Amino acid sequence: MKISYELSDVYNPKHEPLYHQVAWLTRDILDSYDGHWDWLQYKFFPGLKEGKRGYSFAVDHNSMQAVTTRRGILPTHSLVGCALLKDEPDEKKLCCLFVDKSYRGQRIASKLIEDSFEILKTNKPVMTVSQQNLGMLQKLIDRYGFELTSVKESVYKPGIKEYYYNEGLAR
């Protein structure tokens, strides 16, 4: 399996076929965040074009997908993981970290986190984790020294706690 990583802190037309795969790759996030697709469409991608967002994508070069874009249907390599970032002076945030289930356990998430540190120029970005996903991410949280700074109830989903890490610690 040949996995490569594509990083950027601005919109890159070369990566457009990968952008079209993000919503499908991260569809399971809807279980934790009802507004995920709206966030992608109205916050993340516009922010990327404004230079306020960034990403790292894990791409499998042994797997191809047909993606519909403005230029028509294009064959492209499969997006298998992503870290979606907010990069503004007042907040450096790892907004979304996701790896396709069939690719987990291969250190892809670790590489995406390390790329995030590089793009955001901090090893202490803010990150929030739903109580539903905490167990799955706990080893990564510990490995990279994310510091729990607050816990809030019903932020993204009624009755579900959201764990906040590294608030005010970016350096």
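Modeller: Start with one term: buried means under 20% relative accessible area, exposed over 50%, and partly exposed in between, with a 1.4 Å probe and protein chains only. On that scale, 46% of the 171 residues of the chain count as buried. This is a predicted model, where local features need pLDDT of at least 70, side-chain atom pairs count only at pLDDT 80 or more, and totals for chains, interfaces and linings use all residues. Residues are numbered from 1 along each chain as its sequence is written, and side-chain values use heavy atoms, with hydrogens and water left out.

Biologist: What makes up the chain, in helices and strands?

Modeller: Helices (H or I, at least four residues) and strands (E, at least two) are DSSP runs, numbered from the N terminus. By that rule the chain has four helices and seven strands. Their order from the N terminus is β-α-α-β-β-β-α-β-α-β-β.

Biologist: How do you know whether the chain agrees with a compact globule?

Modeller: The radius of gyration is taken over C-alpha atoms, and the globule rule is 2.2 Å times the number of residues to the power 0.38. For 171 residues the rule gives a value near 16 Å; the chain has 16 Å, so the two agree. The C-alpha trace spans about 45 × 35 × 30 Å along its principal axes.

Biologist: What share of the contacts joins residues 24 or more positions apart?

Modeller: Contact means heavy atoms within 4.5 Å. Among contacts with a separation of 6 or more, 62% join residues 24 or more positions apart.

Biologist: Why is strand β5 called largely enclosed?

Modeller: Strand β5 covers residues 126-130, and five of the five are buried, so the rest of the structure largely encloses it. V126, T128 and S130 point one way, M127 and V129 the other way, and all are buried.

Biologist: What makes β4 and β5 a pair?

Modeller: Two strands pair if DSSP finds at least two bridges between them. Strand β4 (residues 91-99) and β5 have two bridges, in the parallel sense. K93 stands opposite V126 in β5.

Biologist: Why is helix α1 called largely enclosed?

Modeller: Helix α1 spans residues 16-25, and seven of its ten residues are buried, so the rest of the structure largely encloses it. Those seven are E16, P17, L18, Y19, Q21, V22 and L25. Their cover includes β1 (3-8), α2 (36-49), β2, β3 and β4.

Biologist: How do you know whether T76 is buried or exposed?

Modeller: T76 has 11% relative accessibility, so T76 counts as buried. T76 is found in strand β3. Leaving aside neighbours within four places in sequence, T76 is in contact with P17, L18, Q21, S63, M64, Q65 and V67.

Biologist: And R70, is that residue buried or exposed?

Modeller: R70 has a relative accessible area of 67%, so R70 is exposed. R70 lies in the loop between β2 (53-69) and β3 (72-88). Not counting residues up to four places away in sequence, R70 touches Y11, E16 and K49. From R70 to Y163 is 38 Å in space, C-alpha to C-alpha, and 93 residues in sequence.

Biologist: What makes the phi of R107 worth a remark?

Modeller: Most residues other than glycine have a negative phi. R107 has a positive phi of about 70° although it is not a glycine. R107 is in the loop between β4 and α3 (108-120). With 51% relative accessibility, R107 counts as exposed.

Biologist: What is the phi of N166, and is N166 buried or exposed?

Modeller: N166 has a positive phi near 65° and is not a glycine. N166 lies in the segment after β7. Its relative accessible area is 1%, so N166 is buried.
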